[in-house]
Amino acid sequence: MDYDVIICFETHVELSTNTKLFCGCAVKYDAEPNSAICPVCTGQPGALPVLNKKAVEYTIRTGVALNCEINEQSRFARKNYFYPDLPKGYQISQYELPFGENGYLEITGDAGQPYKIGIKRIHLEEDAGKLIHSSDAFESAEHSLVDYNRSSIPLLEIVADHENNPLRSIKEAKRYLEKLHQTLKYIKISDCMLEKGQFRCDVNISIHPKGSHILGNRSEIKNMSSFRFIMDALEYEIKRQTEIIEKGGQVEQETRLFNEQTKVTMPMRSKENAPDYRYLPDPDLIEVDIDQEFIRQIRKNMPELPDQKLNRIIEEFGIRKSDALILTKDRNVSEFFGACAPLCSDRKKLGNWIIKELFKLLNDASIPIQECKVSAEDFSRLINLISQKTITEKIAQLVLEDMFDTGDNPDAIIKKKGLKPIDDTEILSKILDEVIEKNPEALKQIKAGASKPVDFLMGQVMRRSKGKADPQKIRSIILAMTDNC
Ligand SMILES: [Zn+2]
């Protein structure tokens, strides 16, 4: 039998505010454990929360970018559960009246058409602390440690819709996550570093017979922060659920854990429903009124979104779509291109050199473009030197390598390394004479009308001059020589 798949993500994103959601503690990721804490974020009796306005602004900015309706009134609620990383015994989250609802994120669907994935809601909540079970910390495995630095860092939850325009395949799921990650980085609300847990997902998946309107029971895989493992987990779940149904069984609605080594999911507990959490409005926090002027300002100052930037690069600079997609994938790369484009006469060459040459150096050094020493001005200068044929592409590669290592400008490097192209007719003719002396046949063939030996001779001259000969100049010398004979 054939099955339809429905995948739904609840994505948690740590906002890059300077301070936590309800207190003035700094948001620090690499600080000494329990050094960025206070009575509020450790749930001491009598401590009262004060809402961080920046976090609200970032949430609404996300809501606007994800085409959500922004609620005029929003409310915080207590989500009750007990766990050692949650000092208050409840998490301040949202239940009724989240900041945004009924949005969408457009991706390319499996049929190749634009497909608007439904976003059910976005809400703001506080992150929990972090438990460290590692036996490195304590020799006895009976102990665990807790670090409350993460406690109450603002956490945005983006809940995709599993009924309205859901994700229908692993490929769509991957495109959704990549687009969401890209969009959130573009609007600068989070660094979204997966390895630091700043972007993590609860993954829901169910299957049902093709065409059926009755949806299957969902399993949920908690807290995943690697796209590759999410895809592995989805693949495993589709196989597991299909086998259960084929054997006449029923898929349990439950929470499962993914084992990264065996690539298998295992049951953790039966999935909680909302009543288990006994949500109730938080009496310490008043309802938040969002006025229209606040939203208008956020719309006005919205950074360019990935699709807007893609279209602009194609239309304004004549970059072809396949290259534009690569150049806009990462916001920092697109900003580097954007800074160079007005300074370069040949934007296609600029795009090519970022994609082929700069990316190669970045990959080899395993650093992101924002840590690269090459400035947009210097990179543009290099591209212009190639466009003006002042240096050959071969020389330019050497210059770029040096720029990448030292951060020097291309003119200084050309001077320092003596890479200035040889365009002196006398010197070039001398090298050419030596080449012809060893290859007398080539000249005869050129005189007889063959064109290939011209390239051969040019190649030889380039080799002897270590790539420094001006190719146009050599060509004209060869042609002049054979014309005159
Ligand atoms: Zn605090």
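Strands (E, at least two residues) and helices (H or I, at least four) are DSSP runs numbered from the N terminus, and two strands are taken to pair if DSSP finds at least two bridges between them. The model is a predicted one, in which local features need pLDDT of at least 70 and side-chain atom pairs count only at pLDDT 80 or more, while totals for chains, interfaces and linings use all residues. Residues are numbered from 1 along each chain as its sequence is written, and side-chain values use heavy atoms, with hydrogens and water left out.

**Strands and sheets**

Strand S7 (residues 114-126) also pairs with strand S6 (residues 100-108), to which it is joined antiparallel by eight bridges; within this pairing Leu-105 faces Ile-117 in S7 as its opposite residue. The hairpin of S6 and S7 has five residues between the strands, and there Gly-112 takes a positive phi near 90°. Strand S7 is mostly covered, since 10 of its 13 residues are buried, where buried means under 20% relative accessible area, exposed over 50%, and partly exposed in between, with a 1.4 Å probe and protein chains only.

An open sheet of three strands has the order S5-S4-S15, with antiparallel pairing. Strand S5 (90-93) and strand S15 (280-281) stand at its edges with a single partner strand each, so one side of each is left without a neighbour in the sheet. Strand S4 (residues 77-80) and S5 pair over four bridges in the antiparallel sense; Arg-78 has Ile-92 of S5 as its bridge partner, and Ala-77 stands opposite Ser-93 in S5. In a regular strand the side chains alternate between the two faces of the sheet. Both faces of S5 are covered, with Tyr-90 and Ile-92 buried on one side and Gln-91 and Ser-93 buried on the other.

**The zinc site and the cysteines**

The zinc ion is coordinated by the SG atoms of Cys-23, Cys-25, Cys-38 and Cys-41, at 2.3 to 2.4 Å. Donors here are N, O and S atoms within 2.8 Å of the metal (3.2 Å for Na, K and Ca), and because water is not among the atoms, sites may look incomplete. The four donor atoms subtend angles of 100 to 114° around the zinc ion, which makes the arrangement tetrahedral, a label that requires all angles among four donors to lie between 85 and 135 degrees. Along the chain the donors follow the spacing C-x1-C-x12-C-x2-C. Cys-25 and Cys-38, 13 residues apart, link distant parts of the chain, both lying in the loop between strand S1 (3-14) and helix H1 (53-65), and both are buried.

The structure holds zero disulfides, a disulfide being a pair of cysteine sulfur atoms within 2.5 Å. For Cys-201, the closest cysteine sulfur is that of Cys-8, at 10 Å, which is too far for a bond.

**Accessibility of selected residues**

| Residue | Relative accessible area | Class |
|---|---|---|
| Cys-23 | 12% | buried |
| Cys-201 | 1% | buried |
| Thr-392 | 12% | buried |
| Asn-165 | 31% | partly exposed |
| Cys-192 | 2% | buried |

**Loop residues**

Most residues other than glycine have a negative phi, and most peptide bonds are trans. Asn-165, in the loop between S10 and helix H2 (170-186), has a positive phi near 50°. Cys-192, in the loop between H2 and strand S11 (199-209), has a positive phi near 55°.

Thr-392 lies in the loop between helix H9 (376-387) and helix H10 (393-406). Leaving aside neighbours within four places in sequence, Thr-392 is in contact (heavy atoms within 4.5 Å) with Met-462, Gly-467, Ala-469 and Pro-471.

**Nonpolar cores**

A nonpolar core is a set of buried Ala, Val, Leu, Ile, Met, Phe, Trp, Tyr and Cys residues joined through side-chain atoms within 4.5 Å. The largest such core has 67 residues, and those with the most contacts inside it are Phe-9, Ile-158, Tyr-176 and Ile-230. Leaving aside neighbours within four places in sequence, Tyr-176 is in contact with Phe-9, Leu-105, Ile-107, Ile-117, Ile-119, Ile-158, Ala-160 and Leu-167.

Notes. Four donors count as tetrahedral if all angles lie between 85 and 135 degrees; four count as square planar and six as octahedral if opposite donors are over 155 degrees apart and all others between 65 and 115; anything else is irregular.
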